[in-house]
Structures are given as C-alpha cells and as structure tokens.
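The sequence and the model are shown below.

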Amino acid sequence: GAQPGGAREARAVGLAVGAVTLGLIAMASGGRLHSANRRYSVQQLAAFEALWGPDAPRGISQFGGTPWGSEHASKGGGGKRGVDYRASAESILAAKGDAAFLRPDGRIRHYLPKHEAKHFHSALHTQNLDEEAPAEDAAADHGSANEDTAPGSSVPLQEVDFTPPKGFDYKVPVEVYMESQGQASKLFTEWVLVQVVGAPGMTSIINLMMFPWGQCHIINKDLTRPVNVDVEYIDNYTATNVTLRSGWPAFLCEHGPSECEGNAIMSCVTALYPKIEQWFRVNACIVSRTCADGEAPLVDSVAHTGAGQTSVCQGLPVDLAPQCIDEFGGDMSIPAISQCVKGRQGTELLLQNMVQTQTLMPPIQMLPWVLVDDEVLNYPNKSHIFLLGKSICDAYIRKVQPYINGSVPRPLGCYYFPTEPPYMPPITLWDEQGILLLWVGGGVCFLLGVCILIAWKYFALQHNAKYERLEEDA
C-alpha cells in the first residue's frame, strides 16, 4: 500500500506548491500593476511638460500679481496655430507686463488676431453702439485699438476696444470636484488649474467653484442625537445651502483625517474670502504642497522611511495652511479660518460639498471631475482635462457671440492654451477593482496552498504515528 499513498502525497504536495506559486504570481502581478498605476502619474507629468514646456512654473509658487512670461513658452502640444498665438501673446506680455492685459481703469484688455480685428465691429446696438461702425473707426474714436505684434510671429495680435456687454452673466462657470490629498487632484491643480487661472486676464471670465469632498463619508458621532440638516437648493438647483439643525456628524475621508481637515480648511477659506484673487492662491498652495496619496515629507523620503513615495512634499494640509495664508492670503485671519474649520460653519460647508458632489448629474466617475459651463470636460476622454483653458475660452465666446458683430475678442490668456491635448503613450492598466481581485485571488490561492501543506503534514504525521504504534505492539 505504499505506492498509492506515495502518489497521493506527491499529488498533495504538487497541488500545494502550485497553489502557493499561483498565489505569489497573482499577488506579484497585482503589485506590479499597482506600481504601474503609480508610475502613470509620471507619464502625466511628462504630458504636462509637453503641454506647458519643461520650464513651466509648477504649483502656486509662480502664481502672483504678474503672470509668467515668455521664459515659459510652450515647447510642444497644441499645434502650430496655438504656438503662434502664444508666441505673440508672450511677446506682448514680456514687453508691457501687467499693462498688457489690464487697463489703467481696471478693465481687462481684449485681443484678436490681426486679420480678424480688421472686421471687428464692436458690440451690437443693444450696447448703444453703432452696429455698422467699422473697427478702425471705433478704435479711432476710443483711441485704444493698438497693434501689438510679436517679432517673427505669423499671427500677430491686435488689441481692440471691447468691454463685455452689461446685463447678463458672461462669466463661464467652472466646477472642480476634488480632494485635498488626492494625487490626481494635486497634479491637476499644479499643472493645469493654476496655469489657466494665472494666465493674463482669465480671472475676469471665470466663475470658479471648487468642491473638496472626494470619496468621503459621514457617520453619526452620537446615536442619541441623529444628524438633521436642511438642504436649500438655490440658483435653479445649481448650488446648495446646508444648515445643520441637530447632531454632530463625523467625517471619514479616503486619505485619512488630515484630508477631512484639508477639505474643511479649503472650504472655509473660500467662504470667508470669496474673491478668487484671494482664496484660489491659498487653496492651490495647500493642494500643491501637501503630501498626497503615496507621498512622504522630505525627511522621510531622504531617510527612506516613507512608504511608496512618488515625490517629495512638505506636510499635511493643517500644517501647510498657515504658511500658505501668510504667503498668499494677504489680510486673511488665521484665527477666523481656524474657528470656521472647528465650528459649525466648517461642518456645514463640508455637508454642502457632500450634497453638491453626491447629487451631481451625471454622477462623478473619477477625481478630479471638471465641469465647464455645465458640461463634463474629462469624461469619457480623460485627456481633455488638459484643454481646460481652451474650453473656458470657447464657452466665453459662445456666451458673448450673440452680442458681437464678427469675432469675439478674448483676454490675452486665451491665446496661451493649446488646441489639442498632449500625446500620452497608450498603456494597458487594470483598474483598482481588477488589481484588488488579483490580490484577493492570489492571497486565497496562497492560503489554500499553505493549508494543503499543513493538512498533508498533519495526516502524514498521523499515518506515521499509527505505524509506530503497530510496531510497538508487535
């Protein structure tokens, strides 16, 4: 009877070794795919550099009173037309500084390509201007149509005398749904959003709204006092106002309690200081400098004690907020913001972000989720997120076009943006659910193999003990 037993033992050992090996392979494959997902952010950075140039200003550090100039010219992406426009725009900005996009009376200067400016007839008669007056005559009357030409550029830009029509909201609503410590949200803020908002004159045509919530959840801290809120929908159901009536909710965020604090800080800064020139700089500073998912502070990265670092960061949102407020907040009050974060107002703002995020239609599929003039920008084509600036300017043109004869003049910043997304090498990656299945399946196979080995060893010892007893009895 030794042969059958030996065969069974061999099959058991082979099955166990195979299960363990399969489990290890599956878990290793999941790990490699997870690492590939991490490295995908590096390809994103390469795409950003192709869009803005390798010397493009990164993060909030270059977002100040004067936008960046010709030293940050784009080296790729956008096509020849976009490069020509940008070369002319940057030449004007380099020569005139702030005066290139801001009039002495505070109005934003508007520009058209020279061949289009010749046919610009200013506004329609609804603005009490002569509908048939040629652009040259109108420019002469106002004395402000100046030709600004970039040396060597085939598409020079010309300033035209134009003010957006009064009586309607021509600003383009831009909604950004994100999280304060998400890697994708950080990359988008650093390399796209800051560049667009910081381009000359763009703040005059943008109504920017940021909703830092992401994939957070709420729980009831006191079961005897259930959370009760009133939700008021305003602006034709496009915005919400949440009032906390009773209870005190706690928040669970994807990247830990520090992300909840970061979301609350950003919301309070926006609520207390609603001018985009104030709150955006501070919030962009917090997001671009914070330690997002997979990052570790400088000391941990140097000591190699952080887990899976992809880049060096400076700390958590609550630690960076005072620094960013001091640097970019002007007359902002840190105690007032802190009181908002810790008090009822901060809780209500987070609840408002939750309602706004979870009731959005169509539902959010990824973060960040960007809407331009109520249209989703980055889904299903994710690369269109690089075209945020172009999309805003196109929406502005659509809004103003019914009031204008001919081409719609745009702020100088509209000539900075590429017309096509950068090329990103195609890669095949499983989504997070697929990676999770690999890890779970591999773990189950590994544990099954270990259990088979343990069972085989146990029954082998039992079998040997039985024969030893027979030998002793004999």
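A disulfide is taken here as a pair of cysteine sulfur atoms within 2.5 Å. The model is predicted, and local features therefore require pLDDT of at least 70, side-chain atom pairs count only at pLDDT 80 or more, and totals for chains, interfaces and linings use all residues. Residues are numbered from 1 along each chain as its sequence is written, and side-chain values use heavy atoms, with hydrogens and water left out.

## Disulfides

The structure holds 4 disulfides. Three of them are described here, with the following geometry.

| Pair | S to S distance | Torsion about the S-S bond |
|---|---|---|
| Cys253 and Cys260 | 2.1 Å | about 120 degrees |
| Cys268 and Cys340 | 2.1 Å | about -80 degrees |
| Cys393 and Cys414 | 2.0 Å | about -95 degrees |

The torsion of about 120 degrees makes the disulfide of Cys253 and Cys260 right-handed. In the pair Cys268 and Cys340, the torsion is about -80 degrees, so this disulfide is left-handed. The pair links distant parts of the chain, with Cys268 in helix H6 (residues 257-272) and Cys340 in helix H10 (residues 334-342), 72 residues apart. Helices (H or I, at least four residues) and strands (E, at least two) are DSSP runs, numbered from the N terminus.

The disulfide of Cys393 and Cys414 is left-handed, because its torsion is about -95 degrees. Cys393 lies in helix H12 (residues 388-400), whereas Cys414 lies in the loop between strand S14 (410-411) and helix H13 (432-473), so the pair ties together parts that are 21 residues apart in sequence.

How far are these cysteines covered? A residue is called buried under 20% relative accessible area, exposed over 50%, and partly exposed in between (1.4 Å probe, protein chains only). Cys253 is buried at 14% relative accessibility, and Cys260 is buried at 9%. Cys268 and Cys340 are buried as well. Cys393 has a relative accessible area of 4% and is buried, and Cys414 also counts as buried, at 13%. Cys445, by contrast, counts as partly exposed, with a relative accessibility of 22%.

Strands of a sheet pair through backbone hydrogen bonds, either parallel or antiparallel. Two strands are treated as paired if DSSP finds at least two bridges between them.

Strand S12 (residues 369-372) and S13 run antiparallel and are joined by 2 bridges. Val372 has Glu375 in S13 as its bridge partner.

## The chain as a whole

The protein chain has 13 helices and 14 strands. Of its 474 residues, 46% count as buried. A contact means heavy atoms within 4.5 Å. Among contacts between residues at least 6 apart in sequence, 73% join residues at least 24 apart.

The accessible surface of the protein chain comes to about 23700 Å², and 56% of this area belongs to carbon and sulfur atoms. Accessible areas come from the Shrake-Rupley method with a 1.4 Å probe, and for residues only the protein chains shown count as cover.
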